Amino acid sequence: MKINKKKFIYLISPLTIKKSFYCDLIQIFKANKVSFFQLRLKKKIFKKKLIIGKKIKKICKNFNVKFLINDDVLLARKLNADGCHLGQKDMDILDARKVIGNKIIGVTCHNSIRLAKVAIRNKADYIAFGAFYLSKTKKVKHIASVGTLKKARKITNKPIVAIGGINSNNYQKLLLNKANFLAISGYIWKNKKIKPIEAIKKFK
């Protein structure tokens with residue numbers, strides 16, 4: 001996985017895809033700050049995810065953004081996505097590898113170096129830590145810190161993704177402390193003060 005320091009945003013989809021979403025996504029990608037886009041739809045049926053995924057995949061391809069699927073390895077295979085992201089309660093990474101082969105697989109490690117070591121041993125392509133701050137997207141069960149990032153960097157050169165409550169006021173601290181990518185969702189899609197395209201431009 002190549003690391004482009006200018007494109008440090010790992011954008012996660014809103015839980016509900018509205019009609020305006022696709023136009024917003026194109027505008028966001030034009031800002032040239034996003035390396036990865038993760039489709040995270042928890043409650044949609046498979047067929048609906050497939051329709052949405054096909055549209056997003058085209059947009060991602062046009063802007064050279066890697067398209068990943070959250071949780072659903074079978075959907076990732078069906079869409080021929082660039083890869084998938086696995087939580088600790090999702091499919092085991094070794095089983096996922098059998099399904100999607102040599103695609104990108106990232107693993108949630110919460111705030112645990114032990115979990116990170118397991119993911120690294122199982123050849124995860126990146127490891128994700130969080131939450132670093134309170135999040136509007138999901139309830140925070142695990143709190144990670146800058147210390148977590150520093151410890152992780154001592155044991156691996158794999159890309160590290162930071163997640164959880166990241167916004168334009170706190171993001172730089174994470175980049176300065178070994179995070180390669182910042183997973184952002186709520187600040188872009190649920191921001192009541194500014195539109196998605198204005199929100200993305202706050203990250204410089």
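**Entry 1. Ground rules**

I note that this is a predicted model, in which local features need pLDDT of at least 70 and side-chain atom pairs count only at pLDDT 80 or more, while totals for chains, interfaces and linings use all residues. Residues are numbered from 1 along each chain as its sequence is written, and side-chain values use heavy atoms, with hydrogens and water left out.

**Entry 2. The chain as a whole**

I find nine helices and eight strands in the chain; helices (H or I, at least four residues) and strands (E, at least two) are DSSP runs, numbered from the N terminus. The radius of gyration is 16 Å, close to the 17 Å that the globule rule gives for 204 residues, so the chain is as compact as a globular protein of that length. That radius is taken over C-alpha atoms, and the globule rule is 2.2 Å times the number of residues to the power 0.38. The C-alpha trace spans about 40 × 40 × 30 Å along its principal axes. I also record that 50% of the 204 residues count as buried. For contacts (heavy atoms within 4.5 Å), I looked at those between residues at least 6 apart in sequence, and 56% of them join residues at least 24 apart.

**Entry 3. Strands and crossovers**

I began with strand β1 (residues 9-12), which four bridges join to β2; the two run parallel. I treat two strands as paired if DSSP finds at least two bridges between them. Ile9 has Val34 as its bridge partner in β2. Between these strands the chain passes through helix α1 (residues 21-30), and this β-α-β crossover is right-handed. The term means that, with the strands pointing away from the viewer, the path from the first strand over the helix to the second runs clockwise.

On its other pairing, β1 meets strand β8 (residues 181-184) in the parallel sense over three bridges, and there the bridge partner of Ile9 is Leu182. Ile9 and Leu11 point one way from β1, Tyr10 and Ile12 the other way, and all are buried. I recall that in a regular strand the side chains alternate between the two faces of the sheet.

Which residues of β2 are buried? Six of the six residues of β2 (residues 34-39) are, so the strand is largely enclosed by the rest of the structure. β2 also pairs with β3, in the parallel sense, over four bridges, and Leu39 stands opposite Ile69 in β3.

**Entry 4. Nonpolar cores**

A nonpolar core is a set of buried Ala, Val, Leu, Ile, Met, Phe, Trp, Tyr and Cys residues joined through side-chain atoms within 4.5 Å. The largest has 58 residues, and Leu11, Phe29, Phe37, Ile56, Phe129 and Ile188 have the most contacts inside it. Leaving aside neighbours within four places in sequence, I find Ile188 in contact with Leu11, Ile28, Pro196, Ala199, Ile200 and Phe203. Another core, of ten residues, lies apart from it and includes Tyr10, Ile104, Ala128 and Ala183.

**Entry 5. Salt bridges**

I searched the whole structure and found four salt bridges, each a side-chain nitrogen of Lys or Arg within 4 Å of a carboxyl oxygen of Asp or Glu.

One of them joins the side chains of Lys49 and Asp72 (3.8 Å, N to O). Lys49 lies in helix α2 (residues 46-62) and Asp72 in the loop between β3 (66-70) and α3 (73-79), so the pair ties together parts that are 23 residues apart in sequence. Both residues are buried.

Asp95, from my opening question, forms a salt bridge with Lys98, with the closest N and O atoms 3.9 Å apart. The two are three residues apart in helix α4 (residues 93-100), separated by about one helical turn. Lys98 is exposed, with a relative accessible area of 71%.

Arg97 and Asp125 also meet in a salt bridge (3.2 Å, N to O). Arg97 lies in helix α4 and Asp125 in the loop between α5 (113-121) and β6 (126-130), so this pair ties together parts that are 28 residues apart in sequence. Arg97 counts as partly exposed at 22% relative accessibility, and Asp125 counts as partly exposed at 24%.

Technical notes. Buried means under 20% relative accessible area, exposed over 50%, partly exposed in between (1.4 Å probe, protein chains only).
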